[in-house]
Amino acid sequence: MEKVNVEMTKEEFARYERAMAEQRKKEEALRAKEERDAYRSLASTTVDELFPKLEEASAVLSETKREVYETFGKVIETKKEVMGTAAEGQRSHSFLSTDGRRRIITGYYQRDGWDETVEDGIEKVRDYISSLAGDEETRKLVDIILDLLSRDNKGNLKADKVLQLDKYAESIQDSRFAEGVAIIKEAYRPVRTKDFVRAQTKNAMGGWDDLPLGIT
């Protein structure tokens, strides 16, 4: 059989190269899509495999925390009866193990809150401040009071600072200031946010290490 010699012109060769390049591009795009699909499948099946285990762990942890709250609730009631303390304002209780090397702490978090009358109290305090003379000692007092009335970056008053005004009300003989501080104190409405349980063990240095009770 006679061999056929096929020659391409430059234009034909250029078209051929473009066609091959386009073919390679399509193959690479298909391979990349297959890899992405394989990854998505791997991620999804891993979630399907592990999620039930996390649900089970969450259920066990929730049930255990409920048991801790209820059991220590009874212990706290007994403490109130035996010790003769009300402890309504106590936000946490700590209990030691027999050997003193383990402890459980139960309690709740609290967020500062105020009713609308707090602004009236603040206004009365500011009225008093504006009436003061401008000597050095007075300016220091003004700065202290304004700092106690300052708000955080979310616009909230901080109770631990505001309630310090009480000690100044005793030394400042001004009815507006005293009334303003009283209104502020009466306006305080702390909000209980969520309960917590901490389990800790004593380390070799005498400090306390938390037993992890969450996935963080």
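Partly exposed means a relative accessible area between the buried limit, under 20%, and the exposed limit, over 50%. Keep that in mind for these close-ups of a predicted model.

**View 1. Arg151 and Glu119 meet in a salt bridge.** Here the side chains come to 2.8 Å, N to O. This pair ties together distant parts of the chain, 32 residues apart. Arg151 sits in the loop between helix 3 (136–148) and helix 4 (159–162), while Glu119 belongs to helix 2 (residues 118–130). Arg151 has a relative accessible area of 39%, so it counts as partly exposed. Glu119, at 40%, is partly exposed as well.

**View 2. Arg66 and Glu70 pair up within helix 1.** Their side chains form a salt bridge at 2.7 Å, N to O. Why are these two about one helical turn from each other? Because Arg66 and Glu70 lie four residues apart in helix 1, which covers residues 10–83. Arg66 is partly exposed, with 35% relative accessible area, and Glu70 is partly exposed at 44%.

**View 3. Asp174 makes a salt bridge with Arg176.** The closest N and O atoms are 3.2 Å apart. Arg176, at 35%, counts as partly exposed.

**View 4. Lys33, Asp37 and Arg40 belong to one network.** What joins them is a set of salt bridges that share partners. Stepping back, how many salt bridges turn up in the whole structure? A search finds 13.

Terms used. Residues numbered from 1 in each chain as written. Predicted model: local features only at pLDDT ≥ 70, side-chain atom pairs only at ≥ 80, totals over all residues. Heavy atoms only, no water. Salt bridge = Lys/Arg side-chain N within 4 Å of Asp/Glu carboxyl O. Buried < 20%, exposed > 50% of the residue type's maximum accessible area, 1.4 Å probe, protein only.
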